[in-house]
Amino acid sequence: MKPNVRALTGRLRHVPAVQDFLLSKNTTIGIGGRAPLAFYPRSCDEMCEVLAVLAEYDMPFQMLGNGSNVLASDAGYSGVIVKTDNLTAIRAEGEIMAAESGASIASILAAAKEIGLGGLSFMAGIPASLGGALFMNAGARGHYIGSEVVSVNVFEEGKICILSAKDCKFSYKHTRFMENSSIILSARLRFRSQSPQAVSDEIQETLAFRSALPKGRSMGCVFKNGPSYSAGELIDRVGLKGVRCGGAIVSSQHANFIINCGGATSEDVMRLICMIKEKVLSETGVELAEEIRYIGEF
Ligand SMILES: Cc1cc2nc3c(=O)[nH]c(=O)nc-3n(C[C@H](O)[C@H](O)[C@H](O)COP(=O)(O)OP(=O)(O)OC[C@H]3O[C@@H](n4cnc5c(N)ncnc54)[C@H](O)[C@@H]3O)c2cc1C
């Protein structure tokens, strides 16, 4: 449904908004057409107000954090984008850090380090907003953010609810947020007291480890790993490292990354994704599933 831009911006005139929102400028892979309207709420109350008005107008919408795990269609998105960039408040409560959903993981880790709180250094270098990280249960090297959650405040069925970590159903690359339409407003994460130097050392160690990951515009890992396989290793084994479609290429450094080497379209990326799935299935019997989320029609 095409949004009635004038009616929505009229009703929500106090909320920062952008018309003709360009998805390619708001996704780390740098791909995607336009959405007619995007709202940037500045507080959780404002976010709830936006969501309530969109529900009243029966308007499809898409949440967007840092856009680092999404592939947006070249044709764009016909609904409304709700972008969390302005929800960046972070507060310490003893060993707990409470943050709004748009706060970047980098800024939460930096604030925690300042006051000697560690334990989430495994998240360093993941280019996520808190909301996106919770939605995806992001993590690295066997550790996931869901294990460190105390509670998550969500807007669900028209009201604010406080979910425990158990309610959020965190598992490998799966969460409750993928099953229903709840929107993450803020969350409380459990840290542990350490010296700022020890926290800093752990973060530096993680960043050094990550420096081997491919450079360039990407969405991180495209496919989920399985209990007994690494998607990247399977893609490598079937000989698809370095394969190119238009401006998109399967990284020769890490085969689970697709890089936009300039001018890639969502169609180029989709062609690579389909080729990878077909070849891995026919040669290894494994059906790969995407980790990335799609925006718009494909
Ligand atoms: C170079 C690179 C390295 C990466 N490394 C890792 C890694 O080591 N580990 C890892 O797990 N991931 C990694 N990723 C993938 C990505 O960074 C994570 O999945 C991250 O959690 C996505 O956060 P985001 O804010 O960018 O979310 P987005 O991409 O903006 O959104 C992801 C999904 O979350 C939803 N969403 C966002 N905010 C909200 C909200 N407030 N409420 C409800 N839904 C919301 C969106 O609608 C979308 O479906 C990497 C990506 C890149 C580009």
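So, how do the residues of the shell around the ligand divide into nonpolar, polar and charged? What we have here is a predicted model, and the protein chain splits into domain 1 (5-83), domain 2 (90-210) and domain 3 (231-295).

Okay, the ligand. There are 31 residues around it, and the closest are Gly 65, Gly 131, Gly 132, Ala 138 and Gly 220. Back to my question: the shell has 15 nonpolar residues, 15 polar and 1 charged. Who supplies them? Strand E3 (61-64), helix H4 (130-136), strand E9 (139-140) and strand E13 (183-190) give at least two residues each, and H4 gives the most, with 5. Both domain 1 and domain 2 contribute to the shell, so the ligand lies between them.

Next, a helix pair. Helix H3 (residues 105-114) and helix H5 (residues 196-210) have axes that come within 8 Å and cross at roughly 150°. That's over 145 degrees, so call H3 and H5 roughly antiparallel. On the H3 side, the contact uses Leu 109, Lys 113 and Glu 114; on the H5 side, Pro 196, Val 199, Ser 200 and Ile 203. Sorted by class, that contact comes to 4 nonpolar, 1 polar and 2 charged residues.

Definitions and conventions: Residues numbered from 1 in each chain as written. Predicted model: local features only at pLDDT ≥ 70, side-chain atom pairs only at ≥ 80, totals over all residues. Near = placed C-beta within 6 Å. Helix = DSSP H or I, 4+ residues; strand = E, 2+ residues; numbered from the N terminus. Nonpolar A, V, L, I, M, F, W, Y, C, P; charged D, E, K, R; others polar. Domains from an automatic or database assignment. Axes fitted to C-alpha atoms, helices over the stretch in contact; angles between N-to-C directions. Parallel < 35°, antiparallel > 145°, perpendicular 65-115°, else oblique. Contact = placed C-beta atoms within 7 Å.
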